[in-house]
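Please look through the sequence and the structure shown below before reading on.

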Amino acid sequence: MSDSVKTSLPLSLSTRRAWAADQSISYLMQQGLVNRDVISLAAGFVDEVTLPTTLVQNAVQRIFAERASGQRALQYGSTGGNVDLQEQLLSHHARLERCDVSELGITQDQVIVTAGSQQLLNHVAEVLLNPGDICLVSAPTYFVFLGTLNGVGARTIAVESDENGMKMDALETTLNQLEAAGDLPRVKLIYLVSSFENPSGVTLADDRRRAAVDLAQSFSKTHRILILEDAAYRELRYEGEDGPSIWSCDATREHVVLAQTFSKSFSPGIRVAYGIVPKDLVTPIHDVKGNFDFGSPNLSQQIVAEVVRDGSYEAHVDSLRQSYAVKRDAMLRAADAYFSDIAGVFWLRPQGGLYVWMSLPPSVDTGYESALFERATKHEGVMYVPGEIAYPGGSPLKRTNEMRLSFGVEAPETIDDGMRRLANAVRNVLESTSHATPG
Ligand SMILES: Cc1ncc(COP(=O)(O)O)c(C=O)c1O
């Protein structure tokens, strides 16, 4: 090597890379991996004990029982997804909507299979949003999608939410304000996690689902404003009745993209999810997906097709609901036991999903750099997700005193222990703040 080539030159990275930098999810996952001995009420991972190892083993055996079907599974598939799986998904979707496939009003190509729903969310953002285009989200919302929106240079505006999800009067006000400012042409998307939202655990009320569709339709003046309904947790309901999806409230089938995944209800490692998209979004999504991977892993898709077809998937979800209900109850019981006597602490009781959302007194900062985070992780050995990452940067609705607590990963008794430790950390921080306050 010549003497002149001693120092390496800097990379010249794209603007899109800069937009994608600083993703909280990577930090969180890394923290989860380095702090293995810490009780994790943070990880959004699913319960390892209930992962369907035997079901998958059986499905794989069936696929490889014949050489020809094994060969098909090991071949490339098509961009939009395996046809057999798409057919199963139409029936599965009809079951969830409690109707016949013929009543769905869609064709098979409108079911697009992706490697996890994160991929679909990303593709939808890519095909719809130019830099500066607007997406409206609940406050708080799924923080990984906030990263996706940043990644395409979108402008994200948070809309006030309560225990029934995004407030529709607030959505209407926001849309009116954007129209008055001449920004309505930039509004492309309204993102709603319809059931047991990550992070808040709230479910969008039925009347708000219909109102959201009405608003998307009535504010569609120069172009169609789409709702991206993320139903990742829809099948994990532990009490109450499942209502209509937002998608089903849109009789035109033109205003809602529905994102569903098998990650939470079956296995995230298998990376199979699907979207149901308006007819004229099929080709745009195929085009970006073609550039990205020209088809999600075929073997995974065939495994999911097998378990959906033979009914073992449904039976699995039934048993999963029971075991997660026990864990949710363990967390809520522990919240009652350890937090009820701390003034100013509130939490929501989710009817499903994997998360409990807790608010602390406004003086208690929960961020990564906070005294509470340090106390919880270093002294008490318990981790949570700071709530502030679930708000778009700069949003006036952002609060810094909230936590997402996950009951997905740990066993019920460990959840109890984790909650006890977390309450100790909160008490410790409250005591030191009250000592530090003059007078
Ligand atoms: C609300 C929500 N949407 C989408 C996803 C993405 O999941 P996957 O890509 O595994 O389907 C998650 C994962 O935690 C989620 O919580």
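Two residues are said to be in contact when they have heavy atoms within 4.5 Å of each other. This is a predicted model, in which local features need pLDDT of at least 70 and side-chain atom pairs count only at pLDDT 80 or more, while totals for chains, interfaces and linings use all residues. Residues are numbered from 1 along each chain as its sequence is written, and side-chain values use heavy atoms, with hydrogens and water left out.

Asn401 sits in the loop between strand E13 (385–386) and strand E14 (402–406), where helices (H or I, at least four residues) and strands (E, at least two) are DSSP runs numbered from the N terminus. Is Asn401 buried or exposed? Its relative accessible area is 10%, so Asn401 is buried; the word buried means under 20% relative accessible area, exposed means over 50%, and partly exposed covers what lies in between, with a 1.4 Å probe and protein chains only. A polar atom of the Asn401 side chain also lies 2.6 Å from the backbone oxygen of Leu360. Such a pair is a polar contact, which is a pair of N or O atoms within 3.5 Å; within protein, one must be able to donate a hydrogen and the other to accept it, and residues adjacent in sequence count only if both atoms are side-chain atoms.

Another loop, the one between helix H12 (282–292) and helix H13 (298–309), holds Phe294, and Ser296 is found in the loop between H12 and H13 as well. Phe294 counts as partly exposed because its relative accessibility is 47%, whereas Ser296, at 4%, counts as buried. Leaving aside neighbours within four places in sequence, Phe294 is in contact with Tyr76, Gly77, Ser78, Thr79 and Lys289. With the corresponding neighbours left out, the contacts of Ser296 are Val113, Thr114, Ala115, Gln119, Lys289 and Gln301. For Ala115 there is also a polar contact, since its backbone nitrogen lies 3.0 Å from a polar atom of the Ser296 side chain.

The peptide bond from Ala139 to Pro140 is cis, with omega near 5 degrees, and Pro140 lies in the loop between strand E3 (134–139) and H8. A cis peptide bond also joins Asn198 and Pro199, with omega about 20 degrees, and Pro199 belongs to the loop between strand E6 (187–193) and H10. The loop between E6 and H10 also contains Phe196, whose phi is near 50 degrees, a positive value in a residue other than glycine. Phe196 counts as buried because its relative accessibility is 0%.

Helix H9 (residues 168–180) and helix H10 (residues 206–218) have axes that come within 10 Å and cross at roughly 10 degrees; here axes are lines fitted to C-alpha atoms, for helices over the stretch in contact, and angles run from 0 to 180 degrees between N-to-C directions. The angle makes H9 roughly parallel to H10, because angles under 35 degrees count as roughly parallel, over 145 as roughly antiparallel, 65 to 115 as roughly perpendicular and the rest as oblique. Met168, Leu171, Glu172 and Leu175 of H9 and Arg208, Ala211, Ala212 and Leu215 of H10 make the contact. These residues divide into 6 nonpolar, no polar and 2 charged, where Ala, Val, Leu, Ile, Met, Phe, Trp, Tyr, Cys and Pro count as nonpolar, Asp, Glu, Lys and Arg as charged, and the others, Gly among them, as polar.

What angle do helix H3 (residues 53–63) and H13 make where they pack? The angle is about 105 degrees, with the axes 9 Å apart, and H3 and H13 are therefore roughly perpendicular to each other. In this packing, Leu55, Val56, Ala59, Val60, Arg62 and Ile63 in H3 meet Gln302, Ile303, Glu306 and Val307 in H13. The residues of the contact of H3 with H13 divide into 7 nonpolar, 1 polar and 2 charged.
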